Amino acid sequence: MSQPPTSQSPLSAREVPSSFADNQAYFDESRWQKFTRRLKEEPLIPLGCAVTCWALWGATRSIRSGDSYNAQRMFRMRLYGQFFTIVAMVAGSFYYNSDRILRKEYEEILKERKAIEKRNAWIKELEARDLEEKDWREKVKEVTQKRKEEEDVARAKEEAKKGDGVVTKAVKGLRGRLAGEGEGGGEGGGKP
């Protein structure tokens, strides 16, 4: 009972849980496995079938040889074998009924546990993808912010070279005001 291979996530090195994980075709027992399990659970039924077949074979041999007494004895043996098989089936169904109920409960618990594990694996994978996406967005934000800062620095350098940058204009404006205050001897007498 092996699990199907899982594929690798394109966003991380972790394996993505398979959507076929709960497909019972991968995990069900084969016919031979079921046959051997049932044979171990109820060994008296195949024994009764074997006794019935042996009695029929013996009856056929006795009829061909002309031994009617032995043929009648084998037919009775066949009836006893069939009766034993039916009793074994009924007794086995009563005896193993509790085992079957427990087995069904166990299989349901396993199914629920697998569903919970699958759900937890998907949640874990989604959280990992969410973290990767947040990291990616932060990196993109950092790169765009860095580019914007570089563009601002380049623009400031260009404006400084031209001489009509914001700082240069402010310095010229202050110089003009200072020069105007000196000439007018007071407030507002100069050119801005």
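This briefing covers the fold, the helix packing, a surface patch and the salt bridges of the structure above.

The model is predicted: local features need pLDDT of at least 70, side-chain atom pairs count only at pLDDT 80 or more, and totals for chains, interfaces and linings use all residues. Residues are numbered from 1 along each chain as its sequence is written, and side-chain values use heavy atoms, with hydrogens and water left out. The protein has five helices and zero strands; helices (H or I, at least four residues) and strands (E, at least two) are DSSP runs, numbered from the N terminus.

**Fold and burial**

- Read from the N terminus, the order of elements is α-α-α-α-α.
- Of the 192 residues in the protein, 15% are buried; buried means under 20% relative accessible area, exposed over 50%, and partly exposed in between (1.4 Å probe, protein chains only).

**Packing of α2 and α3**

- Helix α2 spans residues 44-65 and helix α3 spans 68-95.
- The axes of α2 and α3 are 8 Å apart, and the two helices pack at an angle of about 165°; axes are lines fitted to C-alpha atoms, for helices over the stretch in contact, and angles run from 0 to 180 degrees between N-to-C directions.
- The pair α2 and α3 is therefore roughly antiparallel (angles under 35 degrees count as roughly parallel, over 145 as roughly antiparallel, 65 to 115 as roughly perpendicular and the rest as oblique).

**Nonpolar surface patch**

- A nonpolar patch on the surface consists of Trp54, Trp57, Met77, Leu79 and Tyr80, which together have about 580 Å² of accessible area.
- Patches are made of residues with over 30% relative accessible area and no salt bridge; like charges are joined within 9 Å, and nonpolar side chains (Val, Leu, Ile, Met, Phe, Trp, Tyr) within 5 Å.
- Accessible areas come from the Shrake-Rupley method with a 1.4 Å probe, and for residues only the protein chains shown count as cover.
- Both α2 and α3 supply at least two residues of the patch, and the largest share, three residues, comes from α3.
- Trp54 lies in helix α2 and is partly exposed, at 44% relative accessibility.

**Salt bridges**

- Six salt bridges are found in a search of the whole structure; a salt bridge is a side-chain nitrogen of Lys or Arg within 4 Å of a carboxyl oxygen of Asp or Glu.
- Arg103 and Glu107 sit four residues apart in helix α4 (residues 97-162), so about one helical turn separates them. Arg103 is partly exposed at 33% relative accessibility, and Glu107 is partly exposed at 40%.
- Glu125 and Arg129 form another salt bridge, at 3.2 Å from N to O. The two residues are four apart in helix α4, which means a separation of about one helical turn. Glu125 is buried at 4% relative accessibility, whereas Arg129 is partly exposed at 27%.
- Asp130 and Lys134 are also joined by a salt bridge, their closest N and O atoms being 3.6 Å apart. Asp130 and Lys134 are again four residues apart in helix α4, and so about one helical turn lies between them. Lys134 is partly exposed, at 45% relative accessibility, and Asp130 is partly exposed at 35%.
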